[in-house]
Structure formats: structure tokens, C-alpha cells
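Student: I would like to learn how to read this model feature by feature. Please start with the core.

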Amino acid sequence: FLHVYGVTKFWWFCVCIRSKIRSRSSVPPVKCYHDDVAPIRTVRVNCPTQGRRFYGCSHYPRTCGFFKWADEVDNDVLKGKVKKLKQSTTELENQVAELAIENSEKFHAMETVKADKKLCIMLFMSWVVGGCDGLVE
């Protein structure tokens, strides 16, 4: 009983792990023409496509004729991800450009303030060095 229980427990663990891995996948389920999830299968016949994976109708052997290679689905998903990443990149580049303009404006304002402070210090120092003759009668 313990051996059977251990095997059952291990089998359940594998099923849980496999379902967690699949649930994290961002690939949307492929559906056949019956609007059911199409299972992924592997070509087992000895031919040039042996080992290649494909999606087929879930109602095999009475199928609706749906067929799609798995790598084509993966390519479509990757193309969608690349498109989203390009859009994100463009948005981020625009934000960086806006921040650069904003920082440039702030830097210019700081430089103006520094120049004004230097001018005030120079005027004060010229007043101190030059004397206070004009103020005292």
C-alpha cells in the first residue's frame, strides 16, 4: 500500500507541476473549429515531419479538419510579443526625450540662478572693497 501510495503521490506531484508550468505560459489556447481547445500532438509516423508538434481537432477521429503546426503558433505569439515590446520601447524613448527636455530646462534655470548669485556676490564684494564712502556722509 505504501509503495502504491508513494507512486500515486509522485504522479499527482508531476501533474501539479506540469499544470503550474502550463498555467504560467502566456500562449493563449489554440481552438479548433468546434471552438474547443485543440490538443497538441506529435507526429509519430516515420516521415520527414516525424517528431514535429501540431494542434489538431479535439474530436479525433471525427474531426472538423482543424490543423496547425505548433511552431507556427509559437511564431505568431512571438511576433505579438515583439510588437508589444517595440511599442513599449517607443513609449519609453518618448518619455526619455521629454525628461531630457525637462532636465535641460531645469539645468538652464539653475545656471541662471548661479549666475545671478555670482553677480550679487561680486557687487557685494566690490562694495566692501571699494568702501562705503558713498553711504556715509
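Student: Which residues make up the largest nonpolar core?

Tutor: In soluble globular proteins, nonpolar side chains tend to be buried together. A nonpolar core here is a set of buried Ala, Val, Leu, Ile, Met, Phe, Trp, Tyr and Cys residues joined through side-chain atoms within 4.5 Å. Buried means under 20% relative accessible area, exposed over 50%, and partly exposed in between (1.4 Å probe, protein chains only). The largest core has 8 residues: Val30, Cys32, Ala38, Tyr55, Cys57, Phe66, Ala70 and Val73.

Student: How far can I trust the details?

Tutor: This is a predicted model: local features need pLDDT of at least 70, side-chain atom pairs count only at pLDDT 80 or more, and totals for chains, interfaces and linings use all residues. Residues are numbered from 1 along each chain as its sequence is written, and side-chain values use heavy atoms, leaving out hydrogens and water.

Student: What does Tyr55 touch?

Tutor: Contact means heavy atoms within 4.5 Å. Leaving aside residues up to four places away in sequence, Tyr55 touches Val30, Ala38, Pro39, Ile40, Phe66, Phe67, Lys68, Ala70 and Val73.

Student: How do the elements run along the protein chain?

Tutor: Helices (H or I, at least four residues) and strands (E, at least two) are DSSP runs, numbered from the N terminus. The order is α-β-β-β-α.

Student: What is the strand order in the sheet?

Tutor: Strands of a sheet pair through backbone hydrogen bonds, either parallel or antiparallel. Two strands pair if DSSP finds at least two bridges between them. This open sheet has 3 strands in the order E1-E2-E3, paired antiparallel. Its edge strands are E1 (40-42) and E3 (67-69), each pairing on one side only. Strand E2 (residues 53-56) is joined to E3 by 3 bridges. Glycine 56 stands opposite phenylalanine 67 in E3.

Student: How many salt bridges are there?

Tutor: Side chains of opposite charge can pair when their charged atoms come close. The rule is a side-chain nitrogen of Lys or Arg within 4 Å of a carboxyl oxygen of Asp or Glu. The count is 3.

Student: Which parts does the pair of aspartate 71 and arginine 52 tie together?

Tutor: Their side chains meet at 3.1 Å, N to O. Aspartate 71 lies in helix H2 and arginine 52 in the loop between E1 and E2, so the pair ties together parts 19 residues apart in sequence. Aspartate 71 is partly exposed at 33%, and arginine 52 is partly exposed at 29%.

Student: Where does the pair of glutamate 102 and lysine 106 lie?

Tutor: Both are in helix H2, 4 residues apart, about one helical turn.
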